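Please look over the sequence and the model shown here before reading on. The paragraphs below are meant to be read with both at hand.

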Amino acid sequence: MRQFPLQMHHMEPGRLVEWRLRAATGGQGPDRGDEEGKKASFNQDKHFTVAEESRADDDPMASYVAVTFEIDGALDEPALAGALLRFVRRHEVLRCEFRRLAGELSCEPLAPEALSLEARHVAEFDDVERQREFLAERFTRSIDTLAWPLFTMGAVLRPDSATVYLAFDHIVCDGMSMPVVVHDVLTCYEALRRGEEPVLPPAPSYLDFADAQRRRYLSIGAEDERLGYWKSFAERGGEFFPRFPLELGVEPDRMYPIVNEASTLLDAAETEVFEKVCGQAGGKPFMGVLGSVGVCLREAGGPGVYRGFMPVSERGREDWNNSVGWFVNTLPIEFDASPGKDFAQVMGEVRAGFSEMMRHLDVPFVRAWQLLAPEEFAGRSWPYPVNFFSYIDMRRCRGADRHDEWRPATHVWSARANGTCSWFQRDSDGLHMNSLYVDTPAARRTMGDFQEALRLTVQSVTRTGGFRRPVALTAPRRPERQPSPVRGAR
């Protein structure tokens, strides 16, 4: 399972059916009672606030997180509808509406039995490209942070197969929720086709996680000792947000359309070798990738000390691995990637930096941002291009043993940005990279060079056990090429 733009998905055309969520009360959303709902998480509150402010200024900040997967054979539509309904009823965060109560963001869920699905035929295509454009537009327009429901569900039906799709607002999910979606829906679908009642492991509600987080951390102040790691990081870097160190050609206080690119850095066999080399150096594959990123940024003109943000899953603190929600904290990490350090030495620096970071998981990122950088917190986005690194080994998520059969893929999209974000995923096919960045001439040059340098660097680690010789960015660039479609979402 990997992450790549929807526009790269070679999805065979067919008849599109969608299932719209309905409430038994007859309204378009949850029944608004007088009882106070559970508190939203800090991630959710900030996301919702940005949506409110953008709507007020008629300047919406659109984005989505989507997943697609395959069903071989003629689709049993009633079974899929039943599976989708059970999926929504199972995860409380998907059944709720968000609203303000005395300034606090509250989540008010519908009872599971109050929900039903209505099937609708929406379109039919015989052309791959036209269908892809239609779905991209549909995902963009069908999801609204301020309106219920916060996701859309459908399928592309063909005589001998179907592609199922679900697209979500970020407020109800994260990237690691997507394998949960695939596992839950297909496990239920297969059971219902056999005439059996589906059996799934317990999935505690994200609303309980969010409410507990909010109540625990809302009262802390800027002098709380748990913010010491954040303060020392900001003092050493001179700013709360670690800047992306290369030129992207952006102007202050301006948002840009994005480029959404994905590519493979190492194939499956190369990734196995890469893992062994990292292990011999005392680290893990993500540390090897992060160390390689740090070296490439430094060789391109960045500082010798890498400073960046790294998202960390909070699912492991308790048994949240089967739940849908936004279980992500973001933390600063730094390590020395100065000239002259070999691969093993950089790996040691990354390992030390990561260990120190993991000692300070306690405070939610949004709360630290609010307390330590209040002027920047008032903005609708990070204030400038920020250094950001994310890595997920998709082979470890639920249902991974059947991904070759289900062929799931994640698709992330945002309308505008002022910087760059890169996600790295490992699956059974290798090591992959997906980057979203501002669509400027400088950013296209910088990111093209950076991605090529990183590919050569991890290949060098795989083949020689060490970093390659630096190549200056002034060297002639390879001709730009369009990424080929990913067939069958493999």
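What follows goes from charged pairs to a surface patch, then to backbone geometry and to contacts within the chain.

This is a predicted model, in which local features need pLDDT of at least 70 and side-chain atom pairs count only at pLDDT 80 or more, while totals for chains, interfaces and linings use all residues. Residues are numbered from 1 along each chain as its sequence is written, and side-chain values use heavy atoms, with hydrogens and water left out.

Side chains of opposite charge can pair when their charged atoms come close. The structure holds 43 salt bridges, a salt bridge being a side-chain nitrogen of Lys or Arg within 4 Å of a carboxyl oxygen of Asp or Glu. In one of them, arginine 138 pairs with glutamate 18, and the closest N and O atoms are 2.8 Å apart. This pair links distant parts of the chain, since arginine 138 belongs to helix 3 (residues 128-142) and glutamate 18 to strand 3 (residues 15-23), 120 residues apart. Helices (H or I, at least four residues) and strands (E, at least two) are DSSP runs, numbered from the N terminus. Glutamate 18 is buried, with a relative accessible area of 9%, whereas arginine 138 is partly exposed at 29%; buried means under 20% relative accessible area, exposed over 50%, and partly exposed in between (1.4 Å probe, protein chains only).

Another salt bridge joins glutamate 197 and arginine 86, with the closest N and O atoms 3.5 Å apart. Here too the pair links distant parts of the chain: glutamate 197 is in the loop between helix 4 (177-193) and helix 5 (206-217), arginine 86 is in helix 2 (residues 77-90), and 111 residues separate them. Glutamate 197 counts as exposed, at 56% relative accessibility, and arginine 86 is partly exposed, at 32%.

Aspartate 439 and arginine 444 also form a salt bridge, their closest N and O atoms being 2.8 Å apart. Aspartate 439 is partly exposed, with a relative accessible area of 34%, and arginine 444 is likewise partly exposed, with 31%. Elsewhere, salt bridges that share partners join Glu272, Glu275, Asp393, Arg395, Arg396 and Arg426 into one network.

Where on the surface does negative charge gather in a patch? Glu124, Asp126, Asp127 and Glu133 form such a patch. Patches are made of residues with over 30% relative accessible area and no salt bridge, with like charges joined within 9 Å and nonpolar side chains (Val, Leu, Ile, Met, Phe, Trp, Tyr) within 5 Å. Aspartate 126, in the loop between strand 8 (115-124) and helix 3, is exposed at 70% relative accessibility.

The backbone also deserves attention. Most residues other than glycine have a negative phi, and most peptide bonds are trans. Tryptophan 148 and proline 149, however, are joined by a cis peptide bond, with omega about -5°, and proline 149 is found in the loop between helix 3 and strand 9 (151-158). Aspartate 253 has a positive phi, near 60°, although it is a residue other than glycine; aspartate 253 lies in the loop between helix 6 and strand 11 and is exposed, with a relative accessible area of 82%. Arginine 407, which is not a glycine either, has a positive phi of about 50°. Arginine 407 sits in the loop between helix 12 (403-406) and strand 15 (409-414), and is buried, with a relative accessible area of 15%.

The loop between helix 6 (228-237) and strand 11 (256-267) also holds methionine 255, which is partly exposed at 21% relative accessibility. The C-alpha atoms of methionine 255 and alanine 415 are separated by 9.4 Å, although the two residues are 160 residues apart along the chain. Not counting residues up to four places away in sequence, methionine 255 touches Met61, Ser381, Arg416, Ala417 and Asn418, where contact means heavy atoms within 4.5 Å.

Leucine 227, in the loop between helix 5 and helix 6, is buried, with a relative accessible area of 0%. Leucine 227 and leucine 372 are 145 residues apart in sequence and 8.6 Å apart in space, C-alpha to C-alpha. Beyond residues up to four places away in sequence, leucine 227 touches Gly221, Ala222, Val363, Ala368, Leu371 and Leu372.

Notes:
Accessible areas come from the Shrake-Rupley method with a 1.4 Å probe; for residues, only the protein chains shown count as cover. Lys and Arg count as positive and Asp and Glu as negative; His and the chain ends are not counted. The place of a charge is taken as NZ of Lys, CZ of Arg, CG of Asp or CD of Glu.
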